[in-house]
Every structure is written in C-alpha cells, then in structure tokens.
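The entries below follow the order in which I looked.

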Amino acid sequence: MQVNRWIAPAAVVVACGLSAVPAAQADPGDTQAALGGGSGIVLGRSTKCSLTAIGYDAAGRLVGFTAGHCAEAGTPVRGEQFPDAGVVGVVRESDAQLDYAVIEFDPSLVTPLRTVNGGSIAGLASAPPAWSIVCQNGRTTGYACGVVWASSPVGFMEQACSSYGDSGAPVTVGDQLVGMVSAPLISDTRVLRFSCTDPNNPIHTPVIAVAFDTVRQAVDATKGVGAGFQPI
C-alpha cells in the first residue's frame, strides 16, 4: 500500500474538511511566536506540519524538531498562528531515512512553551512497548490517545487520531516525549478515507511514529545544531 505523509498544505486541509487546532491565539501585530510540541508551523511558502518539541541544544541554541519530509534544510519556518512574527526559524538538517528535521529558532522571536493544547513535554524517554497507551498532539487533530500495536527501538505503530498536518506531532507517555508522527499505515484514496476524522471514533488507520530516542542519538552523532537537545 502506498504511504502518504501527513503534510497539510492549506488546500489539502480545506479539501478534507479539516480545520487546524490552534496552538495559541495571536493578537494582531504580535511579533512573538509562542511555540511548543504540538504547535502548527508553516515551512516554506505553505507546507503545514506540527512541531515535535522545543528546547535547547548543548550549545545553548533554541531548537525544535518536526518530520523530515516536511521540508529540506534551509527552509524558512513560521508559526502558523503568528503570521505577524514572520520567519522565526530555519531548518538546519533534514533526514529522509529517519524522517526528522532540526529547526533552529530565533530566540528573540519565539517564546518556547512546555504545554500546548493540554499536552506537556518535560523529558525524553525510549520507545514504548506494545500495548502501551500513548498520546499525540497534532496541529490538525489536537490531543488524542491510543494503543501501541507494535514497537521497536527505531519506531512504533499506534492508534491515536491523526490526519493531514499532524506530521511531526509529538507522541508522549505522560509528559515524556517518546516519538514523532511520521505517516499513516494506510493511505486515503479517492474513494475511501482511512485517516481519522473524530478522536471519538477508533476506526481509522494506525499511525507510524519514529522513536525520538533514535532521532536524538542520530542528531547527537552529527555534533551539529540540535545535538544534546533537552526540552524546556
């Protein structure tokens, strides 16, 4: 089966009848973007994805993560709910194999948040075992939880509600970040929809998540932007 990524340009969101769940509301003229795990971000001109987490690397840089398929290195980043803040960061690294991207934020333009839409990230943990309950916090479907069907050190498959624009969304156990949303197991077709439309309806495609512990190790090995990352 073909696997589509959870990228959400505005046209896709409208076509699917979905609306973004706001991470925070901006006042007109607000030049500060308040961003945390689960916030909507705009990469390049119009690609909308979810921020996995925000914090500081070993060099003291304000950095964040999202899915690698959302943007290439060098892509400018904006806060979806904070258009007046303009460009607040840039993608410094994008890895297609593990599907993660590292964003360096301008600390003068970004207020980092630990809690977004009821979901908090206070630490990092390894991939959860099968039959665990995890929760994810996406810019489209918001905060939802589900069971883990299968797991490995590299990633896991879980049943939380997810749809277009949730790429990069944090997956947590309690307040510990364990993964990031990569893609649906089964893609929508022109006739059938397998993605989640309602968190109260458990009948939808499972989601493939990348283990954040594996992402962190890969970034640490580069000794570049994001190495030594810790959430705020």
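I began with the strands that line the largest cavity: β11 (119-120), β13 (133-138) and β16 (170-173) each supply at least two residues of that lining. Strands here are DSSP runs of E of at least two residues and helices are runs of H or I of at least four, both numbered from the N terminus. The model is predicted, so I noted the limits: local features need pLDDT of at least 70, side-chain atom pairs count only at pLDDT 80 or more, and totals for chains, interfaces and linings use all residues. Residues are numbered from 1 along each chain as its sequence is written, and side-chain values use heavy atoms, with hydrogens and water left out.

Cavities. I searched the whole structure and got 2 cavities of 30 Å³ or more. A cavity is a set of points, on a 1 Å grid over the protein atoms alone, where a 1.4 Å probe fits but cannot get out; lining residues have an atom within 4 Å of a point. Points are joined across faces, edges and corners, and the volume is the space filled by probe spheres set on them.

The largest cavity holds about 40 Å³. I listed its lining as Gly37, Gly119, Ser120, Ile121, Cys135, Asn137, Tyr143, Pro170 and Thr172. By class that gives 4 nonpolar, 5 polar and no charged residues. The classes take Ala, Val, Leu, Ile, Met, Phe, Trp, Tyr, Cys and Pro as nonpolar, Asp, Glu, Lys and Arg as charged, and the others, Gly among them, as polar.

The second largest cavity has about 30 Å³. Around it I found Gly37, Ala53, Ile54, Leu113, Arg114, Ile121, Pro231 and Ile232. Its lining counts 6 nonpolar, 1 polar and 1 charged residue.

I checked how β13 and β16 meet: they pair antiparallel over 2 bridges, where pairing requires at least two DSSP bridges between the strands. Gln136 stands opposite Val171 in β16. Val171 also has a bridge partner in β17, Gly179. β16 and β17 (residues 176-184) run antiparallel, joined by 4 bridges. Their hairpin has 2 residues between the strands, and Gly174 there takes a positive phi near 65 degrees.

The open sheet. I traced 8 strands in the order β3-β2-β6-β7-β8-β5-β4-β19, with antiparallel pairing. β3 (47-50) and β19 (230-231) are the edges; each has a single partner strand, so one side of each lacks a neighbour in the sheet. β4 pairs with β19 over 2 bridges, and Gly55 has Pro231 as its partner in β19. β4 (residues 53-56) is joined to β5 by 4 bridges, with Ile54 opposite Gly64. In the hairpin of β4 and β5, with 5 residues between the strands, Gly60 has a positive phi near 85 degrees. Further along I looked at β2 (residues 40-43) and β6 (residues 76-79), antiparallel over 3 bridges; Leu43 is partnered by Val77.

Disulfides. Taking cysteine sulfur atoms within 2.5 Å as a disulfide, I counted 3. One of them joins Cys49 to Cys70, S to S 2.1 Å. The pair links distant parts of the chain, 21 residues apart: Cys49 lies in strand β3 and Cys70 in the loop between β5 and β6. The link of Cys49 and Cys70 is left-handed, with -100 degrees about the S-S bond.

Methods. 1 Å grid on protein atoms, 1.4 Å probe; cavity = no way out; pocket = protein on both sides within 12 Å on 5 of 7 lines; lining within 4 Å.
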